[in-house]
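Colleague: Could you give me a close account of one part of this model, with the cut-offs behind each term?

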Amino acid sequence: MSLQDTSKSDNCHAMSDVLNRIGDKWSVMVVGMLGRSGTLRFNELKRMINGVSQRMLTLTLRNLERDGLVTRKIYPEVPPRVEYGLTELGKTLDGPIGKLWDWSAENYGSIVDARAIYDARASAAAAEEPRKVAYARG
């Protein structure tokens, strides 16, 4: 299936399905960390990804594994050791995600500045607007 023509409904749904998976913040973080660090254990990933809960990391890894982007290897030890890595397909995401990370790092200051300007303008506009009073009918 070629997704080049996004004017076709089926292509649009397929593109949306893929982008929903690889575009959520935890998936981007997992793929980025595995791309930069190689094979990692669950707790290593959890420590590296600030703010992710154990449940969310588990769900994210499971979904990425289901989509063929992440491998899960279980070692028969006590306690069991589980390692995660990128598949060949997952490695193809490393370049675009790396570029997105680099872009984010380079432009974060500008984004914060733009937000501050926008918020100040919105606050000033709200302060100048006459207050609307709701009257209750008795």
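Modeller: The charged end of R81 lies over the ring of Y75, at 3.7 Å from the ring centre; such a placement requires NZ of Lys or CZ of Arg within 6 Å of the centre and within 35 degrees of the ring normal. The model is predicted, so that local features need pLDDT of at least 70 and side-chain atom pairs count only at pLDDT 80 or more, while totals for chains, interfaces and linings use all residues. Residues are numbered from 1 along each chain as its sequence is written, and side-chain values use heavy atoms, leaving out hydrogens and water.

I turn now to helix 2, which covers residues 25-37; helices are DSSP runs of H or I with at least four residues, numbered from the N terminus. Its 13 residues reach 18 Å from first to last C-alpha, close to the expected 18 Å, that is, 1.5 Å times one less than the number of residues. At its start, a side-chain oxygen of D24 comes to within 3.0 Å of the backbone nitrogen of W26. After the helix comes G38, with a positive phi near 80 degrees.

T60, in helix 4 (residues 54-66), is in contact (heavy atoms within 4.5 Å) with W26, S27 and V30, leaving aside its neighbours within four places in sequence. T60 counts as buried because its relative accessibility is 5%. A polar atom of the T60 side chain lies 2.8 Å from the backbone oxygen of M56.

How values were computed:
Helix = DSSP H or I, 4+ residues; strand = E, 2+ residues; numbered from the N terminus. Polar contact = N/O pair within 3.5 Å; in protein donor to acceptor, adjacent residues only side chain to side chain. Buried < 20%, exposed > 50% of the residue type's maximum accessible area, 1.4 Å probe, protein only.
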